[in-house]
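Please look through the structure shown below, together with its sequence.

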Amino acid sequence: MEVYGREVHFARTVGSTCDIIELCPDENLDKMDDLFEGSLRSSQETAAKIMVIMHKAYEECEKYKNPDYIENPLTIKELFTLSEEAFQSLFREALNVWLGEKATILAEDIDKGKKNEKTS
């Protein structure tokens, strides 16, 4: 999805999972759903934090693969300027990645590189 003229992608990495675990009650990932109980404001703040974490993970993966890549991370302030519809749509994309439906997986890239090295 495009946000203010740039494509925004998400990644679920070990690092982003650890950061999200820190948000969970008792740092227990099984309690992730508890993050969305309470007020709408609280739920939206949590959704924004998760999107920032997962977008940062994507940006870090891109920087790792290409040292010349210039990171452009999302901010909570930026996300809060979006319409409700755009915010929810973007969060659905992040959730799809979290659930593995459209994940950017660094390990696959590494495996492809190993295969290419072997066949070269």
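Tyr4 is found in the loop between β1 (2-3) and β2 (6-7); strands (E, at least two residues) and helices (H or I, at least four residues) are DSSP runs, numbered from the N terminus. Phi of Tyr4 is near 50°, a positive value in a residue other than glycine. Most residues other than glycine have a negative phi. With a relative accessibility of 55%, Tyr4 counts as exposed, where exposed means over 50% relative accessible area, buried under 20% and partly exposed in between (1.4 Å probe, protein chains only).

This is a predicted model, in which local features need pLDDT of at least 70, side-chain atom pairs count only at pLDDT 80 or more, and totals for chains, interfaces and linings use all residues. Residues are numbered from 1 along each chain as its sequence is written, and side-chain values use heavy atoms, with hydrogens and water left out. The average pLDDT (the predictor's confidence in each residue, from 0 to 100) is 85 for the protein, and 83% of the residues score at least 70. Over residues 103-120, however, the pLDDT is below 50, and this stretch has seven contacts (heavy atoms within 4.5 Å) beyond near neighbours in sequence.

A further loop joins the account here. Glu27 lies between α1 and α2, has a positive phi of about 50° although it is not a glycine, and is exposed, with a relative accessible area of 52%. Pro25 is found in the loop between α1 (14-23) and α2, and counts as partly exposed because its relative accessibility is 30%. Leaving aside neighbours within four places in sequence, Pro25 is in contact with Lys31, Asp34 and Leu35. The C-alpha atoms of Pro25 and Leu35 are separated by 7.6 Å, although the two residues are 10 residues apart along the chain.

Which residues line the largest cavity? The lining is formed by Met32, Ile50, Met54, Phe91, Ala94, Leu95 and Trp98. α4 (84-98) and α2 (40-65) each supply at least two residues of this lining, and α4 gives the most, with four residues.

Key
1 Å grid on protein atoms, 1.4 Å probe; cavity = no way out; pocket = protein on both sides within 12 Å on 5 of 7 lines; lining within 4 Å.
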